[in-house]
Amino acid sequence: DTSQVDADAIDIHKLDANSLTLTDVIIELERRGLQPKGFYSDDAKRLQRCFDDEHEEYVETKKKELCDAKIAEAEQKRERFKKTLIENEIHEENHEISSNSRLSEWFRLILSQACPLECRIDVNNISARSLAKLL
């Protein structure tokens with residue numbers, strides 16, 4: 001939603017047709033495909049409307065770009081957080097396996113397909129997660 005983007009964050013200024021010379025006003029009108037009427041005040045008003053429309057379009061474009069950049073930044077932040085969580089889980093699992101000799105033995109039996117058909121293993125949530133991944 002671009003309405004929440006701060007317009008002050010967009011550092012732009014409006015063009016002022018009245019600050020241009022008659023020649024510049026005529027050139028700018030012709031660049032926009034408009035035929036000058038020959039009266040400076042009328043032509044400057046027409047050009048100012050063009051400037052205002054272009055400015056509004058530019059501001060909206062910049063707001064959308066800022067909004068898209070914020071969304072992309074938030075997505076990157078979520079991905080980094082998710083990656084950190086996964087890395088922490090892996091570290092916890094590796095620590096649990098290495099510190100629990102009985103669990104390590106069960107892992108070895110499962111991997112070698114030599115475990116009994118029925119068994120009971122007491123686990124905590126970390127070792128249960130590790131076993132679930134292994135199975």
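**Close-up views of a predicted model**

**View 1. C50 and C119, two cysteines to look at.** C50 has a relative accessibility of 16%, so it counts as buried (buried means under 20% relative accessible area, exposed over 50%, and partly exposed in between, using a 1.4 Å probe and protein chains only). C119 takes part in no disulfide, and the nearest cysteine sulfur, that of C115, lies 5.9 Å away; a disulfide is a pair of cysteine sulfur atoms within 2.5 Å. With a relative accessible area of 45%, C119 is partly exposed. A search of the whole structure turns up zero disulfides.

A quick note before you go on: this is a predicted model, in which local features need pLDDT of at least 70, side-chain atom pairs count only at pLDDT 80 or more, and totals for chains, interfaces and linings use all residues. Residues are numbered from 1 along each chain as its sequence is written, and side-chain values use heavy atoms, leaving out hydrogens and water.

**View 2. Helix 1 meets helix 2.** Here you see helix 1 (residues 22-31) and helix 2 (residues 40-99), whose axes come within 10 Å and cross at roughly 50°. Helices are DSSP runs of H or I with at least four residues, numbered from the N terminus. Axes are lines fitted to C-alpha atoms over the stretch in contact, and angles run from 0 to 180 degrees between N-to-C directions. Helix 1 and helix 2 are therefore oblique to each other (under 35 degrees is roughly parallel, over 145 roughly antiparallel, 65 to 115 roughly perpendicular, and the rest oblique). On the helix 1 side, look for L22, V25, E28 and L29, which meet Y40, D43, A44, R46, L47 and F51 in helix 2; contact means heavy atoms within 4.5 Å. By class, this contact has seven nonpolar, no polar and three charged residues.

**View 3. Helix 2 packs with helix 3.** Helix 3 covers residues 101-111, and its axis is 5 Å from that of helix 2, at an angle of about 100°. The two helices are therefore roughly perpendicular to each other. Helix 2 brings E96, I97, S98 and S99 to the contact, while helix 3 brings S101, L103, S104 and F107. These residues divide into three nonpolar, four polar and one charged.

**View 4. S127 in helix 4.** Find S127 in helix 4, which spans residues 125-134. S127 has 2% relative accessibility, so it counts as buried. Leaving aside residues up to four places away in sequence, S127 touches E96 and L103.

Definitions and conventions:
Ala, Val, Leu, Ile, Met, Phe, Trp, Tyr, Cys and Pro count as nonpolar, Asp, Glu, Lys and Arg as charged, and the others, Gly among them, as polar.
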